[in-house]
Amino acid sequence: MATNEETGPKGGVWVLDQQLDQPMDEEAKRLRNMYQEKKISTAILLQLAFQSLGVVYGDLGTSPLYVFYNTFPRGIDDPEDLIGALSVIIYSLTLIPLVKYVFIVCRANDNGQGGTFALYSLLCRHAKLKAIPNQDRTDEELTTYSSSTFGEQSFAAKTKRWLEGHALMKSTLLILVLIGSCMVIGDGILTPAISVLSAVGGINVRHSRISNEVVVLVAVVILVLLFTMQHHGTDKVGWLFAPIVLLWFLLIGGIGMFNIWKFDRNVLKAFSPLYVYRFFKKGGKDGWTSLGGIMLSITGTEALFADLSHFPVPSIQIAFTCVVFPSLLLAYSGQAAYLMKHSDHVYGAFYHSIPDSIYWPVFVVATAAAVVASQATITATFALVKQALALGCFPRVKVVHTSRKYRHQIYIPEVNWIVMVLCIAVTAGFKNQNQIGNASGTAVCIVMLVTTLLMILVMILVWHCHWVLVLIFTGLSFLMEGTYFSAVLLKVNQGGWVPLVISAAFFIIMYVWHYGTVKRYEIEVHSKVSMAWILGLGPSLGLVRVPGVGLVYTELASGVPRIFSHFITNLPAIHSVVVFVCVKYLPVCTVPEEERFLVKRIGPKNFHMFRCVARYGYKDLHRKDDDFEKKLFDSLFMFLRLESLMEASSDSDVSSLLDQQTKQSGDGLFSNNSDPYSNIVDLSIASGDSIVPADSSLGANNAVISTHQAGSQVEIDEIEFLNNCKDAGVVHILGNTVVRARKNSKFWKKIAIDYLYAFLRKICRENSVMFNIPHESLLNVGQIFYV
């Protein structure tokens, strides 16, 4: 019986693209050496820890610029309140950034990638949570597709079945991820504003004649320069970030020690947790409200996780425990010691506490550190949008790689200018640290709560932790973060509404885009053409087959899209070779180049129809210099050679070939090379039915096994035929599917589909631009679906 391409890997030959002379970039070599060998020398680890300072800890390190002013905006009435606030800061830094994030959450990274979408991707690989079901079981064989198994009666298995069995839970989880991501974007707008404004505020601390308007103007100028330089990337100046941030931490730690020694050593009693209790008992509602300012001492913690990038977790832990944590404790303690003697200097407390002899050098370093911190949050915003784009949760935007050396350095023009305008509006609109601080605290607190909820599922499904450990983690996290959240809610009318409004706008964009994308995919799945209809047309497909290759782009990983039937019923001719190209993103960090393409034949040989699935991770990018078309044809040629080889061999020969291939491979997937970047070919042989029918008869049950000579001749003929068609011209056929709500749809659905989604599709980049298709070889085929 003839088998079609929907039978999966057991009914066809899948070919993984080979890159024989593909150069390995330096970053890939570094990652391979570190993670494959699983041993890092102490020198390299310390070097990576040093480099992580400039990328990961800039935001957290600039918090001492504005924490005490936002905690006591009306001044300090009682020194005991200051000691209590310092005690809360100390234990907040200890429990949340140090214990929770550095030693627990960072371990939940997805192959080095952090953030809410990375956690979501990790969960999608361990449970069927992804809304667009275009994954194939062969995707799970990727080297980067790590998942685990557990017993049917285990707590993890029950949780998995509960999540997979309730569509509401899947939607709720996605909404949580989108909310957390939107809050990270909001933090990316607020952090540059408050960091730069607080750093530049040192101008009028020693020169009171300079008005606040001048300070705001200088801050706006710095922000404009920062955002306009984003398209150049940080490759050329990135090496400065780590020394600047290290110098900053050494300065604030040294100044803190000096102030403790000079002004009041009694502040060290704040290390006793007793003063946390006294702070809440005595402070009452005012003390509770001041938590909104103390919350700013841990801003940058979520950016710490989102900016993990390619630093191994041990380097992050070393940098925090040896440099960041002690420097921050000394900085806050030193400021508190100074304020014990100068309680009226709470505004600009950091700058007031600097010794006169080093004031201006520290001011310069503080401004530079604020710029680095802003850059870290902007980079985190770009990375998050790229992840959302790959997972179908953000409109198509241009993603530019700013460095050939480091793949994670990207620039998104549309997002950059939107964030710049909003950042300047916040800076110029509020003009003070207090209201911007309230806004930033709200965003950070909500992101932390979302991360906690996702971490609960990671601990259950991925780590298989005992339910008691999960309960302890959940209780302690919600106790701390819930307390902060209740405090920031009291400041919603004092600037806390800003991230809520910004995040709501981005949430509507992301959710509507995802909703429209899912609906469009569902209608394409339900309306795809049956293979019986295609085969019934015969080898000519009912048309004139003209020389050339037609690449039909579709989101379907299996089946023939409706757009193809629309094409052949409205045009008199079709190309001699038709290739259905599906570019899909998987819930993995990256797909190695040698595992990128999967090729399969559709129908009998004389139909000359193929399917090519190009798989990407959310960190990968389909770029012009990737030479996508060349790689696709190389995969087709390799497919034909392997198909001919298997047909020309007896079953035993093929089995021995596969056995030899498996023995040469460490895990049955790679060739006899321990390097995961080596070239691989994955073969799956059909048992019983033939891979493709020997003739056009639909009732054929047995494959015709050709001789080796005949097989070789067929291989040469078909490869030559494909080459000739390729030389005749390649046309990219792109479906322009428009979805509209039915007349009897609900009002909110009509608004979402007919107005919001349609508007987003109109202003976002076309698929032809995203796929880098030459305009002269592009053919758009439009159709309308009602959902």
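A: Let us begin with exposure: buried means under 20% relative accessible area, exposed over 50%, and partly exposed in between (1.4 Å probe, protein chains only). H464, at 33% relative accessibility, therefore counts as partly exposed. This is a predicted model, in which local features need pLDDT of at least 70 and side-chain atom pairs count only at pLDDT 80 or more, while totals for chains, interfaces and linings use all residues. Residues are numbered from 1 along each chain as its sequence is written, and side-chain values use heavy atoms, with hydrogens and water left out.

Q: How is the pairing of β5 and β6 to be read?
A: Two strands pair if DSSP finds at least two bridges between them. β5 and β6 pair in the antiparallel sense over six bridges, and K600 stands opposite R611 in β6. Their hairpin has six residues between the strands, and G603 takes a positive phi near 75° there.

Q: Which residues of β5 point one way, and which the other?
A: F597, V599 and R601 point one way, whereas L598, K600 and I602 point the other way. β5 is mostly covered, as six of its six residues are buried.

Q: In what order do the strands of the sheet stand?
A: The open sheet has six strands in the order β5-β6-β4-β3-β7-β8, with mixed pairing. β5 and β8 (778-786) stand at the edges, each with a single partner strand, so one side of each is left without a neighbour in the sheet. From one strand to the next, the twist averages 25°; axes are lines fitted to C-alpha atoms, for helices over the stretch in contact, and angles run from 0 to 180 degrees between N-to-C directions. Within this sheet, β3 and strand β4 (residues 573-585) pair in the parallel sense over nine bridges, with V544 opposite A573 in β4.

Q: Which helix lies across strands of this sheet?
A: Helix α24 (residues 628-647) lies across β3, β4, β5, β6 and β7 (730-740). α24 runs at about 55° to β5.

Q: How are two packed helices described?
A: They are described by the angle between their axes and the distance between the axes. The axes of α21 and helix α27 (residues 747-763) come within 9 Å and cross at roughly 100°. Angles under 35 degrees count as roughly parallel, over 145 as roughly antiparallel, 65 to 115 as roughly perpendicular and the rest as oblique. α21 and α27 are therefore roughly perpendicular to each other.

Q: Which residues of α21 and α27 meet?
A: Contact means heavy atoms within 4.5 Å. Among the residues of α21 that meet α27 are I508, W513 and R520, and those on the α27 side include W748, L756 and R761. The contact comprises eleven nonpolar, two polar and three charged residues. Here Ala, Val, Leu, Ile, Met, Phe, Trp, Tyr, Cys and Pro count as nonpolar, Asp, Glu, Lys and Arg as charged, and the others, Gly among them, as polar.

Q: How many salt bridges does a search of the whole structure find?
A: A salt bridge is a side-chain nitrogen of Lys or Arg within 4 Å of a carboxyl oxygen of Asp or Glu. The search finds eleven salt bridges. One of them joins R125 and D110, whose closest N and O atoms are 2.9 Å apart. R125 lies in helix α6 (residues 116-126) and D110 in the loop between α5 (79-102) and α6, so the pair ties together parts that are 15 residues apart in sequence. Both R125 and D110 are buried.

Q: Where are the two partners E555 and R520 placed in the chain?
A: E555 forms a salt bridge with R520, with the closest N and O atoms 2.5 Å apart. The pair links distant parts of the chain, 35 residues apart: E555 is in the loop between β3 (544-554) and α23 (562-568), and R520 is in helix α21 (residues 497-526). E555 is partly exposed at 26% relative accessibility, whereas R520 is buried at 6%.

Notes. Helix = DSSP H or I, 4+ residues; strand = E, 2+ residues; numbered from the N terminus.
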